[in-house]
Structures are given as C-alpha cells and as structure tokens.
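Subject: Structure for you, with notes

Hi,

Here is the structure I promised. Please open it alongside this email; my notes follow below.

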Amino acid sequence: MKRAFLELTEEACSGLVNACTNRDTSYIDADLSCVKAIAQACMNVELFTIPLYMTALYSVQGTHQINSKGSSLYKGRWWPGSAPAADPDTTNKQVFNKVYSVFIEEMLHLQLASNMASVIGVKPCFTSSALQNAEFGWTCYEKGNTQIPHILDFRDWKRPDLKDKQVILRAMNKEQAELFMAIEETLEEAKLNLNNPELPDGRSKYFEPAPFDWFTPSMTESDLPLFGSIGHMYLCYWSYLEITYSDQTSLLGRLLGLQRDQFNKPVADASQYPLIDMDLEQIDTLKLRLINNINAITDQGEGGDVITDILHVWGFKSWANSLKIGTKNPLGSVKEKFQPNKEALKEDYPHYNDEGQELPTLSGIARARSDAADKDHFELFSEVLTLVQKSDYVTWDQWHEKNSWTPEMLGHNGAPNIPLTQEVADALNRLKADPHAHKTLSQAAVGTIKGITTVLNKFWDNSQSKQFPTPAMDGSGDRVSICWAVTGKVPDLVTGIASQKEGILYHACQGMALEKSATDDCASVLAYHSCKGSNDCKTQGGCGFVQSASGGGSCSGSVATSLKSAPADNKCGGFGGCAVPISASQLYPKQKDDCYEMELFKFGPAPKHNFEPLDEHLPYAVGDSVYSIAWQAYCHAKGLDPQQTPFPPASDLRLAMPPST
C-alpha cells in the first residue's frame with residue numbers, strides 16, 4: 001500500500017506552524033519542563049511498541065535451529081518458536097520477517113529518541129509509570145485499554161472498524177495488523193481519521209500546536225496533551241527546540257547531555273546505519289544531528305511527512321540541502337540514507353549451518369532486515385495485513401487447537417549431551433496441560449524484559465553500567481516465543497513480578513539452593529533473567545553463556561577469556577553467566593581462549609552471605625552440559641562430593657527451554 005508522493009517545496013511548507021521567537025522569559029522554567037516531558041514521552045512511545053510488536057511477532061507458528069560458527073553441538077535439532085528466515089518461502093516466514101524488521105527498527109528508534117533526550121539533559125527512563133507499574137507489569141496493555149500512550153484514544157476514531165479498538169497483546173492476526181497500521185499513521189492521515197473534540201478549557205484534544213502556555217514547571221509527561229500522531233509529537237518536540245526568548249537566549253542553548261550507540265558499532269568498517277548521526281556531542285551541528293534522528297524515526301516509521309513541517313519551522317532552504325532531501329519524497333518508502341547497510345548486516349549476522357560452516361547467503365536476520373529496508377512500517381504492516389488473511393497462515397493459538405508436539409517436529413537425535421527429541425516433546429505436551437505453566441512462562445518473559453529496562457536505565461548514565469543488554473533483548477524474544485509455543489496463549493506481560501527479598505540467597509539453577517538441603521526445586525521466578533547485566537546478586541549467575549571471572553566484556557557465548565565464573569556459584573551480581581532458568585540442552589561452546597577452568601566460592605550465613613574463594617578450580621570442556629558443570633560447582637560450594645551426589649532429573653520447564661542464543 002504505497003502512499004502518495006509529496007512535493008517537497010517551499011510552497012508545500014507554507015501555512016504550517018512557525019518557530020516561536022521573542023518568547024517571554026517567564027515561560028523558561030515551564031518550557032524546560034515541557035521539552036523534557038516530551039523527550040520522555042517520545043521514549044515511552046517507542047518503548048511501548050516493542051513488547052507489543054514482539055508479542056505478536058512470536059505468535060507466528062514455527063521452529064528454528066541454533067547454529068554458530070564452528071559448532072555442531074545442536075546438529076539436526078529444531079527448537080520451538082519462529083526465527084528470521086533466510087528463505088522466506090512460506091506465508092508464516094514472510095510475516096515473521098516483515099514484523100521482525102519493524103521490531104528491530106523500533107529498538108533503533110528507542111535508541112535515537114534516548115540519545116536526543118540525553119543531549120538535552122534528560123536521563124532516559126525505561127520504566128516510566130506511563131507504561132509500567134512498580135512491579136514492572138505493562139499496564140499500557142491492560143484489557144479494555146483503548147489508548148496509545150501520549151498519542152490517541154481509539155474511542156475518538158472515526159472509522160467504525162477501529163472505533164474503541166483495544167490496545168492489547170494479541171496474536172499477529174488481522175485485528176492486530178490493523179492496530180499496528182493505526183499506530184504508524186502519518187500526521188495528515190491521523191487528522192483525517194480522528195474526531196477532535198474540544199476540552200472543557202477550550203483547547204482541542206489533539207494536535208495542539210506547541211509551545212503549550214498552560215504547562216507549568218512541576219508538570220511531567222503525564223500532563224502532556226494527546227498529540228494525535230507520532231509525527232505531531234515530534235513536531236511539537238522540534239517546536240520547543242526552536243524557541244528563542246526576548247533576552248536573546250534559546251531553549252536549546254540551555255540544554256546539554258550525553259548519548260550512547262549500539263547499532264552503529266563498526267564491524268569490518270561497516271555500520272548498520274552509516275548515514276544516521278547518533279553522536280550528538282558536537283554542539284555546532286547539534287540541530288542538524290537532532291533533526292537527522294527525527295527524520296530517521298519518522299521516515300522509517302510512519303512516513304516522512306512531518307519533516308516538511310519541521311523544515312518549515314527550521315528554515316527550508318538552508319537545511320534541506322544539508323539533509324540531502326530532494327524535491328520529491330515518496331512517503332511510502334524509506335530514503336536510502338535511513339536504510340540498513342546490507343553489507344554491514346551480512347558482516348554482523350553471518351549465516352551458518354548446523355555443522356558450523358559459514359554459508360555465502362544472507363542469514364535470516366540479515367535477509368529480514370535488508371528485504372524490508374526500503375519500506376516504512378505502515379507499508380510493511382499493510383503487507384502483513386494481506387498475508388495474515390491467507391488460508392495457510394497459522395499462529396500458535398490456532399496450531400494448538402488441533403496439534404500436539406511430536407519428536408519429529410524437533411529434528412533428529414544424535415547431538416550428544418542433550419535430551420532426546422521424545423523427552424522434549426513429552427515435556428512440551430505436559431506443560432501445555434499444566435494449569436500453572438502459562439503463569440510461569442509469562443513471569444519468565446516479564447522478568448527478562450524487566451532485566452532489559454532496568455539495565456537500560458543505567459546505560460545512558462556515566463556513573464553506572466554502560467553494557468548494552470543485547471543478549472537480553474534476544475532472550476526476551478526467546479521467553480515470549482516459548483510461552484506461545486508451549487501454551488498457545490498470549491504471554492501475560494500485564495501482571496508484574498515481585499522484587500527479591502533482602503538477605504535471601506536465591507539460586508539460579510534447579511536444585512542448587514545453597515541455604516537449604518538439596519531439593520529438586522527450579523530457580524525462583526524472582527531470579528529469572530537472560531543476561532548477566534540483569535543478574536542482581538551472588539549465586540544468581542545463570543546457566544547460559546560462561547563469563548569471565550574478572551567481569552566486563554560481552555554477554556555472548558564465546559568471547560570470555562581467562563578464568564571463568566561458575567554458574568550458580570558467582571561471587572556477586574553480573575557474574576556467572578546468563579539464562580535463568582537453564583535449558584537442559586545448554587552446552588558450552590568453544591571459547592575465544594584455551595582456558596577452560598572456573599573459579600569457585602563458598603558462602604557464609606545470612607544476611608550478608610560473604611563469599612570466600614576455594615583453592616581449587618573447576619575444569620570444563622566444549623560440549624559439556626552447562627547444568628552438570630553448575631552442579632559440580634554447587635557441590636564444591638556445599639562441601640559435597642559431586643560423584644556421590646547425583647543431580648535431579650531435568651524439570652519439564654528446563655526440557656522445554658531452548659538453549660540461549
């Protein structure tokens with residue numbers, strides 16, 4: 001569904017909002033509060049789309065392999081849940097690839113909005129009460145909700161088929177595709193589709209031009225008006241950044257910050273988005289860089305019509321050339337400068353088979369993102385709307401109505417040290433029948449998303465962690481995916497998760513509680529996480545990838561060097577590994593170095609549980625079961641003989657969980 005061309009000329013910009021100049025200085029404090037509130041609102045809106053799109057994405061029925069360079073650990077095996085396809089030859093694969101590309105770009109947009117906020121002195125918050133409650137439940141998706149945060153209420157929608165539409169978590173079906181298209185509407189389309197009632201104070205409910213003279217210094221993002229569209233929100237943002245005062249100062253001149261980047265870390269001198277400026281430190285080009293980010297967000301997301309309004313406010317002639325904007329802009333497609341670099345994607349996401357051999361073709365991730373590169377989100381969702389109405393399209397809720405798991409769906413046996421396909425299929429079917437499984441798997445998803453948002457709260461803060469939680473983002477998809485695949489039900493992200501209690505030594509792996517006698521209990525749901533950055537405390541190091549005992553570095557599975565930190569026997573938070581609960585199929589991959597030894601600790605009594613290093617180190621090898629090594633570390637910490645202390649049979653939850661990716 002292509003949108004009409006827009007003649008991007010000065011005439012097209014006429015009659016639009018003008019920059020606010022010579023503003024009375026009495027508004028300065030309120031304006032500072034308001035622009036910071038809008039900055040946070042922009043982050044809220046971008047963040048809001050991520051769990052919403054992700055939950056629909058992983059409702060698409062399918063299985064995937066886990067392959068990596070030089071590894072045949074999981075040869076012949078398939079795991080529950082879809083993944084980006086290198087060969088999108090079915091309707092399900094096509095839907096997944098298209099929605100996946102949008103999902104990834106929303107993370108990019110969140111980064112861009114966060115960088116913009118930090119440069120004007122706003123510390124990005126990823127746990128805003130506009131979206132979540134104190135227990136990290138996503139209240140913005142509660143049943144009956146009809147609002148897109150900060151943007152609109154579908155009760156004001158003119159179209160009968162969308163009026164009163166609920167903004168809730170659902171499978172990727174026709175109704176959800178229509179919702180996603182409405183989220184990505186352009187400013188002009190939103191004006192046509194929305195009723196715009198007058199409020200009691202005489203203001204219009206939507207599309208109020210900025211600045212807002214009624215805003216006060218004590219107000220926050222919760223006091224902002226509904227913008228009507230994402231495009232109008234960014235237009236108001238820019239209108240504030242353009243304010244100058246009667247004392248010859250500017251609002252922008254009073255704002256300062258810092259920023260981070262994850263998407264443009266060069267690999268082989270190739271960045272994924274090489275023409276999007278993500279470093280905003282050079283103040284003399286600050287405006288150009290800010291508008292470049294806004295241009296990227298609106299062009300990739302809802303089409304680029306808002307940029308014409310901003311250019312008019314900013315000064316069309318002088319900046320259009322700097323932005324390399326031509327005289328015509330097809331708003332149904334994304335400008336080349338905002339498309340991901342195909343060669344960089346191929347370099348960042350190489351394609352391996354299940355024997356660890358690199359293939360010359362694009363991987364699923366690279367294929368999904370490059371195929372969708374020139375299409376904005378509205379266009380992609382319009383294509384998805386057509387696809388999901390085909391007869392061969394299947395989501396997990398539909399699949400579970402007629403099917404159960406069989407060993408054949410999971411590939412064939414032969415890979416050592418992992419459960420047989422029959423064992424995994426039986427566990428999946430038992431969990432489907434377990435009335436408690438949906439809550440547990442939903443809590444696993446909430447816990448890992450909590451790990452992402454809480455770590456992101458620190459990521460833009462110089463005084464705290466700067467490690468971007470990329471593995472946790474991948475892990476959140478795994479957790480949402482396995483809930484769909486096991487239960488056929490949408491994960492409950494609305495119900496939050498309680499906080500851990502002080503003075504308790506939570507365990508990370510099944511049966512490894514250090515404060516009591518050995519039991520078969522799995523880890524407490526309060527300790528669930530998928531990245532070492534969201535591992536809160538000692539002994540909670542997960543059983544995914546092994547990590548360096550000296551800390552730091554990436555969360556990935558093979559880059560840790562020197563002495564390693566043992567799972568479930570780590571000395572403090574951020575050590576020990578990833579992934580709680582552990583997959584019964586998790587195996588140790590080849591490491592970057594030849595050091596295959598782990599440090600060990602024993603722990604003192606509550607409440608401090610002081611750790612003390614043991615003299616011995618624990619050896620392990622490529623292909624070893626992570627759980628069996630964790631059990632040996634646990635036995636050493638407890639003063640038990642591992643040979644005389646057999647570990648418990650794997651729980652159904654651990655059997656069902658795919659290995660960390």
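Buried residues account for 59% of the 661 residues in the chain. Please keep in mind that this is a predicted model.

The overall picture comes next. The chain has 18 helices and 14 strands. Its accessible surface is about 25700 Å², and carbon and sulfur atoms supply 50% of that. Take the contacts between residues at least 6 apart in sequence: 74% of them join residues at least 24 apart.

Now helix H3. This helix runs over residues 91–119, which makes 29 residues. At 1.5 Å a residue it should span 42 Å. The end C-alpha atoms are 43 Å apart, so the two values agree. H3 is mostly covered, with 27 of its 29 residues buried. After H3 comes Gly 121, which has a positive phi near 90 degrees.

Next, the aromatic rings. The structure holds 25 aromatic pairs. One of them is Tyr 74 with Trp 79, an edge-to-face pair with 6.0 Å centre to centre and 85 degrees between the planes. Tyr 74 is buried, at a relative accessible area of 7%. Trp 79 is buried too, at 1%.

Look also at Tyr 596 and Tyr 620. Their ring centres are 5.3 Å apart and their planes stand at 65 degrees, so this pair is edge-to-face. Tyr 596 sits in the loop between S10 and strand S11 (597–599). Tyr 620 sits in the loop between strand S14 (618–619) and helix H17 (626–638). The pair therefore ties together parts that are 24 residues apart in sequence. Both tyrosines, Tyr 596 and Tyr 620, are buried.

There is an aromatic cluster as well: Tyr 58, Phe 96, Tyr 100 and Phe 103.

Two charged side chains lie over rings. Arg 23 is over the face of Tyr 27, at 3.8 Å from the ring centre. Lys 191 is over the face of Phe 207, at 5.8 Å from the ring centre.

Last, a lysine to look up. Is Lys 564 buried or exposed? Lys 564 is buried, because its relative accessible area is 0% and the cut-off for buried is under 20%. Lys 564 is found in strand S10 (residues 564–565). Leaving aside neighbours within four places in sequence, Lys 564 has contacts that include Asp 593, Glu 597 and Glu 599. Tyr 620, from the edge-to-face pair above, is also among the contacts of Lys 564.

Best wishes

Conventions
Residues are numbered from 1 along each chain as its sequence is written. This is a predicted model: local features need pLDDT of at least 70, side-chain atom pairs count only at pLDDT 80 or more; totals for chains, interfaces and linings use all residues. Side-chain values use heavy atoms; hydrogens and water are left out. Helices (H or I, at least four residues) and strands (E, at least two) are DSSP runs, numbered from the N terminus. Buried means under 20% relative accessible area, exposed over 50%, partly exposed in between (1.4 Å probe, protein chains only). Contact means heavy atoms within 4.5 Å. Accessible areas come from the Shrake-Rupley method with a 1.4 Å probe; for residues, only the protein chains shown count as cover. The expected span of a helix is 1.5 Å times one less than its number of residues. Rings of Phe, Tyr and Trp (its six-membered ring) pair if their centres lie within 6.5 Å; planes under 30 degrees apart count as stacked, over 60 as edge-to-face and the rest as tilted. A charge sits over a ring if NZ of Lys or CZ of Arg is within 6 Å of the ring centre and within 35 degrees of the ring normal.
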